[in-house]
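Good morning. Please have a look at the sequence and the model before I start.

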Amino acid sequence: MIEVRGLTKRYGDVLAVDDLTFDVEPGKVTGFLGPNGAGKSTTMRMVLGLDRPTSGRALVEGRPYAALAEPLRAVGALLDPGAVHPGRTGRSHLRVAARTNGVPQRRVDEVIELAGLGRAARRRIRGYSLGMRQRLGIAAALLGDPRVLLFDEPVNGLDLDGVRWIRALLRRLADEGRTVLVSSHLLSEMQQTADRLVVIGRGRLIADATTEDILRGLGTARVRVRTSRADELAAVLRRHGATVERTGAAELEVGGSSAEEVGELANAARVPLSHLSAVARSLEDAYLALTGSSVEFPGGRTEPAGTATGVTP
Ligand SMILES: Nc1ncnc2c1ncn2[C@@H]1O[C@H](COP(=O)(O)OP(=O)(O)OP(=O)(O)O)[C@@H](O)[C@H]1O
Ligand SMILES: [Mg+2]
């Protein structure tokens, strides 16, 4: 379990993490989603005691990281897969990490197997592809057989096989009852990987719910409606749980309701409509509206609703 409470980090003028509060529960894959610069890595570093919060706190298994008796056995992390000695072999890198952390050497071969490093483990890290470095980082995270795991953008730069392999690994780790927090800036990736999502933008919490609920709330099928009494209709729709966005003086875009429902609610409230239609909206567009970001998604905007895939199949 990870508990984040009022966590805040300021770098000079930049408020990187702004009063974040959320829990990461065991037995689930929790996606940590936000556009570039949202504060995901900073939050993870604070959970791991690598960065000091300006205020607030983060607890791992009920304690601050620094107070854990055997940190590597409690929590494993993949942060920056580049930070290894290039002249060592993968195996010797892992052996050193095991020795300095009191992990038995036989565990090294287990994690090499688990991470699918295989024969590459005997080659020098200098010659590793990005995918192999990523696997080595994951092997290192698993060394202490920790109950809590943090992966910062583990699929970045991986090919399809690598992406699928990581998804399956995260699932297995969660099914074993571990706490798994995995960050990404791609909703389409998290959609296929995470049971729950903690969504942040500009350091602030935007959503914290099951992936299913968040996707439903985002509503890829939206309804466009025009009326001279837009404020009145917006209030009616919100009372019925719809999300309403003002897209013009006399125009609203509605999520979480079908066109039929919007029509019926308008009729019941005696609000005359001049236009009512369903509009397709890609997941990425919906996510951008949610996070209020100007970040572009590769390919996301040109694809029809529901099939936007970012970099994944
Ligand atoms: N050491 C630092 N010094 C100054 N500013 C920093 C530092 N680390 C992060 N920041 C700033 O804090 C904000 C959050 O950065 P962070 O790396 O946590 O975002 P992120 O969500 O991980 O983004 P990305 O998806 O690009 O990895 C950014 O504005 C970043 O420029
Ligand atoms: Mg980051």
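I begin with helix α5, which gives the most to the lining of the largest pocket, with five residues. Helices here are DSSP runs of H or I with at least four residues, strands are runs of E with at least two, and both are numbered from the N terminus.

Before going on, the basis. This is a predicted model, in which local features need pLDDT of at least 70 and side-chain atom pairs count only at pLDDT 80 or more, while totals for chains, interfaces and linings use all residues. Residues are numbered from 1 along each chain as its sequence is written, chains are lettered from A and ligands numbered from 1 in the order in which they are written, and side-chain values use heavy atoms, with hydrogens and water left out.

Back to the pocket. How much space lies in the largest pocket? About 500 Å³. The 22 residues that line the largest pocket include Ala77, Leu78, Leu79, Ala140 and Ala141, which are the closest to its centre. Two or more lining residues come from each of β5 (75-78), α3 (90-100) and α5 (130-142). By type, the lining divides into 16 nonpolar, four polar and two charged residues. In that count, Ala, Val, Leu, Ile, Met, Phe, Trp, Tyr, Cys and Pro are nonpolar, Asp, Glu, Lys and Arg are charged, and the others, Gly among them, are polar.

As for the terms, the search runs on a 1 Å grid over the protein atoms alone, and a pocket is an open set of points where a 1.4 Å probe fits, with protein on both sides within 12 Å along at least five of seven lines; lining residues have an atom within 4 Å of a point. Grid points are joined across faces, edges and corners, and the volume is the space filled by probe spheres set on the points.

Next, ligand 1. Which residues come nearest to ligand 1? Of the 13 around it, they are Gly37, Gly39, Lys40, Ser41 and Thr42; a residue counts as near if one of its heavy atoms lies within 4 Å. Both β2 (14-24) and α1 (40-47) supply at least two residues of this shell, and α1 has the largest share, four residues. The shell around ligand 1 divides into five nonpolar, five polar and three charged residues.

In the side chain of Thr42, an N or O atom is 2.5 Å from an oxygen atom of ligand 1. A polar backbone atom of Gly39 is 2.9 Å from a ligand oxygen, and for a polar side-chain atom of Asn36 the distance to a ligand oxygen is 3.0 Å. On its own, ligand 1 has 630 Å² of accessible area, and the protein covers 60% of that. These areas come from the Shrake-Rupley method with a 1.4 Å probe.

Now single residues. For these, buried means under 20% relative accessible area, exposed means over 50%, and partly exposed is in between, with a 1.4 Å probe and protein chains only.

Most residues other than glycine have a negative phi. Asp19, in strand β2, has a positive phi near 55 degrees. Asp145 also has a positive phi, about 50 degrees, and is found in the loop between α5 and β6 (148-152). Asp19 has a relative accessible area of 46%, so it is partly exposed; Asp145 has 40%, so it is partly exposed as well.

Thr89 lies in the loop between β5 and α3. Is Thr89 buried or exposed? It counts as buried, because its relative accessibility is 18%. Its side chain reaches the backbone nitrogen of Ser92 at 3.0 Å. In helix α3 there is also His93, which is buried because its relative accessible area is 16%.

Last, Ala209 sits in strand β9 (residues 204-210) and is partly exposed, at 21% relative accessibility.

Key. A polar contact is a pair of N or O atoms within 3.5 Å; within protein, one must be able to donate a hydrogen and the other to accept it, and residues adjacent in sequence count only if both atoms are side-chain atoms.
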